[in-house]
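The notes follow the order in which I went through the model.

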Amino acid sequence: MSPDPDDDGWPARFEAELVRLGQHPARARALAQESVDQAVEAGSDADRLLGPPHLYARHLVSELNDVPAPPGVGGPPAPGRVLLRLADVGKRYRRRVVLAGVDLTVRAGEVAAVVGANGCGKSTLLRICAGLTRPTSGTVERTRRVGLVPQDGGTAPWLTAAEHFTLFGAAAGLAPRRARSTGEHLAARLSWRPAAGQPAQDLSGGTRQKLNLVLGELHSPDLLLLDEPYQGFDQGTYLDFWRQVVAWRDAGRGVVVVTHLLHDLRHVDQVLDLGSRPGARVAAVAR
Amino acid sequence: MTAVVVAGLTLREVARRRAVMVLLVGMPLAFYLARRDLPGQSTRMLTLGIGWAVATLTLFVVNAQRGVDPRLRLAGASVTALVGGRLLAMTAAGTGLAAAFWGMVAVLQDVRRPWAIGPLMLVSVLVGVPFGSLVGALLPRELEGALALLTVVAVQMLAHPEGLLAEVMPFWSARELGNYAIDATAVGDLWKALAHAGVTWTLATGATLALFARRLQVAQYPEP
């Protein structure tokens, strides 16, 4: 039996997410049916076996990107859709110029790094991309679904990780149970299992940043804006983080990551150098 | 839905701050105990103490979420849900506190209209919550906000009750209702107090929402 798109169950949500990610509707329907069959064969339900539908859809799409589509049922997602475009963006606070003439285009399946010295406006640029700060000049075009991971803060000190998942899930219209399930799946990808009853303020700095990362991704954004999100990560988590960035890229998401670690740049597709001082001339380097 | 989740989680956060909970109860109680031999003075001080404690706690709750709110807005939450949820939670917490103190005063003090002590304390909570959030929206640092609230409550205590200064202060309604409950003044005082509380609540809530709507505005960029 084919999943009914009007049904609010796992197959329908999975199919809808596949279509949203660019899969042909017929192929999305076939993949949804295959996934349900796979769960039935394993004696489980799809949610338990494969996880939240929107996450599994992204995972599957990233796997499918290397496999040619069967003839007649559509193809892989159309690559290269522009998710963010900045044209001649500038920002000044009274007479102090923070940014000037910034151009940047990020497409689906791309990772862009923003580098530069302290105080050159990297975080301001990320806030402009998010829409939390308005540019003084220039134009910004951006996809609607965006997630922001700040350098620090961004969590409620007295709430546990599960309560954060519930809160951020509610903001995105997710039911509490689904939000917690999604959060736990995302945390597991960073080798983290949130402890019950532990408030965020009692987490180590690195674990709090993992929570920040999960919250930035919980509502399944198309574009992720990361402001040096790896503060406090140990070596293993740091590697997990970059593996996750690559997985996002392969799943057709766009990523903008502020960094000052030059060895990070081997993971990225383009580098935006904001220079050594506020308002310095900007160079965009495609890799 | 989002407002209800925000309200529930705000209550959990507040409940986990044990020292804050102790001070929330202890501060009005200290005001009361200082003049417990005088029913009028002690009840009026208790009422102002409730308003001050609730307003200060709301100020801290609102300011504690400054890092989280922009991210929640990006995830899709509305300003009304975020601010409304917190105001709802603090009103619920304050109402519980007021109910407990109402019971205490009704048992221990000889007032002319004990039933009116309940509305008296409730008005103090209903005014204190949006007023605390408004101060939090105007003054981003907690210390500055707490000092501003202290100033307002102190002026409210010291100003002549019949003077214009007292009437334009936010907790004037509680003082007026106190006259009705404790000294059994005319029913006109009750209506004046309720009208003042309604106007104060509306202005403070509206101004809080407007300020947060401005602060948490997310630019609506066109899609590429």
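**Helix packing across the two chains**

I began with helix α6 (residues 161-171) of chain A and α1(B), which pack at an angle of about 155° with their axes 9 Å apart. The model is a predicted one, in which local features need pLDDT of at least 70 and side-chain atom pairs count only at pLDDT 80 or more, while totals for chains, interfaces and linings use all residues. Residues are numbered from 1 along each chain as its sequence is written, and chains are lettered from A and ligands numbered from 1 in the order in which they are written.

For my own reference, axes are lines fitted to C-alpha atoms, for helices over the stretch in contact, and angles run from 0 to 180 degrees between N-to-C directions; helices (H or I, at least four residues) and strands (E, at least two) are DSSP runs, numbered from the N terminus. I noted that α6(A) and α1(B) are therefore roughly antiparallel to each other, a term used for angles over 145 degrees.

Which residues meet here? I found E163(A), T166(A), L167(A), A170(A) and A171(A) in α6(A) against T2(B), V5(B), V6(B), L9(B) and R12(B) in α1(B), where contact requires C-beta atoms, placed from the backbone, to lie within 7 Å. By class, I recorded 6 nonpolar, 2 polar and 2 charged residues in this contact, with Ala, Val, Leu, Ile, Met, Phe, Trp, Tyr, Cys and Pro taken as nonpolar, Asp, Glu, Lys and Arg as charged, and the others, Gly among them, as polar.

**The whole interface**

I then widened the view and saw that 25 residues of chain B are in contact with 32 residues of chain A. On the chain B side, α1 (2-16) and α4 (69-75) are the elements that give two or more residues, and α1(B) gives the most, with 7 residues. That side divides into 15 nonpolar, 4 polar and 6 charged residues.

**Within chain B**

Next I looked at helix α3 (residues 39-64) and helix α5 (residues 79-108) of chain B, whose axes come within 10 Å and cross at roughly 160°. That makes α3(B) roughly antiparallel to α5(B). Their contact has 11 nonpolar, 3 polar and 1 charged residues.

Is α6(B) mostly covered or mostly uncovered? I found 20 of its 22 residues buried, meaning that 20 or more other C-beta atoms, placed from the backbone, lie within 10 Å of a residue's own.

**Chain A**

Definitions and conventions: Two residues are in contact if their C-beta atoms, placed from the backbone, lie within 7 Å. Angles under 35 degrees count as roughly parallel, over 145 as roughly antiparallel, 65 to 115 as roughly perpendicular and the rest as oblique. A residue is buried if 20 or more other C-beta atoms lie within 10 Å of its own, exposed if 12 or fewer, and partly exposed in between; C-beta atoms are placed from the backbone.
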